[in-house]
Amino acid sequence: MYIGNVYAPPTTNLQARGITEDDVRAAVEDILGHIPPHTRANICGDWNARLGNLYPKIGETEMKRVSDDVTVSTRAKWVIDLCEEKSWFILNGLQPGPPARYTYEKGLKKSCIDLVLATDPTRRLEHD
């Protein structure tokens, strides 16, 4: 995952490389912690988290999202909590608009784990 020009550690095959889930989360949170509060930012990458139709609640603002991928993985809560803490909206599937599309398809395997987060919910995400 790239954030600006900073590379966050990959999250596949963690055990094989001796990396724990806590290590990954700490590294991502450390990198993201360098973005000053109230900075207009967009963050894109493979979060290896399937969110289904979950969305963060930013203060009093609830902007629902809809996804073709309705599976919710164990990492979803962490991503949602991080978005709420940092006031980031998930642009994939933000309503009104089209649903979040699958970002990975191979045979029968499909998922949406590549997410676009933004501090400005008026930004829109186009997918072809």
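How many helices and how many strands does the protein chain have? The protein chain has 2 helices and 9 strands. This is a predicted model, in which local features need pLDDT of at least 70 and side-chain atom pairs count only at pLDDT 80 or more, while totals for chains, interfaces and linings use all residues. Residues are numbered from 1 along each chain as its sequence is written, and side-chain values use heavy atoms, with hydrogens and water left out.

Figure 1. The mean pLDDT (the predictor's confidence in each residue, from 0 to 100) is 84, and 84% of the residues reach 70 or more. Over residues 1-11 the pLDDT is below 50, although this stretch has 22 contacts in the model beyond near neighbours in sequence; a contact means heavy atoms within 4.5 Å.

**Figure 2. The aromatic pair of W47 and W78.** The structure holds 1 aromatic pair. The ring centres of W47 and W78 are 6.0 Å apart and the planes stand at 50 degrees, so the pair is tilted. Rings of Phe, Tyr and Trp (its six-membered ring) pair if their centres lie within 6.5 Å; planes under 30 degrees apart count as stacked, over 60 as edge-to-face and the rest as tilted. Because W47 lies in the loop between strand 3 (42-46) and strand 4 (57-58) and W78 in helix 2 (residues 76-86), the pair ties together parts that are 31 residues apart in sequence. W47 is buried at 2% relative accessibility, and W78 is buried at 10%. Buried means under 20% relative accessible area, exposed over 50%, and partly exposed in between (1.4 Å probe, protein chains only).

**Figure 3. The cis peptide bond between Q95 and P96.** Omega of this bond is about 0 degrees. P96 is found in the loop between strand 6 (89-90) and strand 7 (104-106). Most peptide bonds are trans.

**Figure 4. Positive phi at H38 and S87.** Most residues other than glycine have a negative phi. Phi of H38 is near 65 degrees; H38 lies in the loop between helix 1 (21-32) and strand 3 and is exposed, with a relative accessible area of 86%. Phi of S87 is near 60 degrees. S87 is located in the loop between helix 2 and strand 6 and counts as partly exposed at 33% relative accessibility.

Key
Helices (H or I, at least four residues) and strands (E, at least two) are DSSP runs, numbered from the N terminus.
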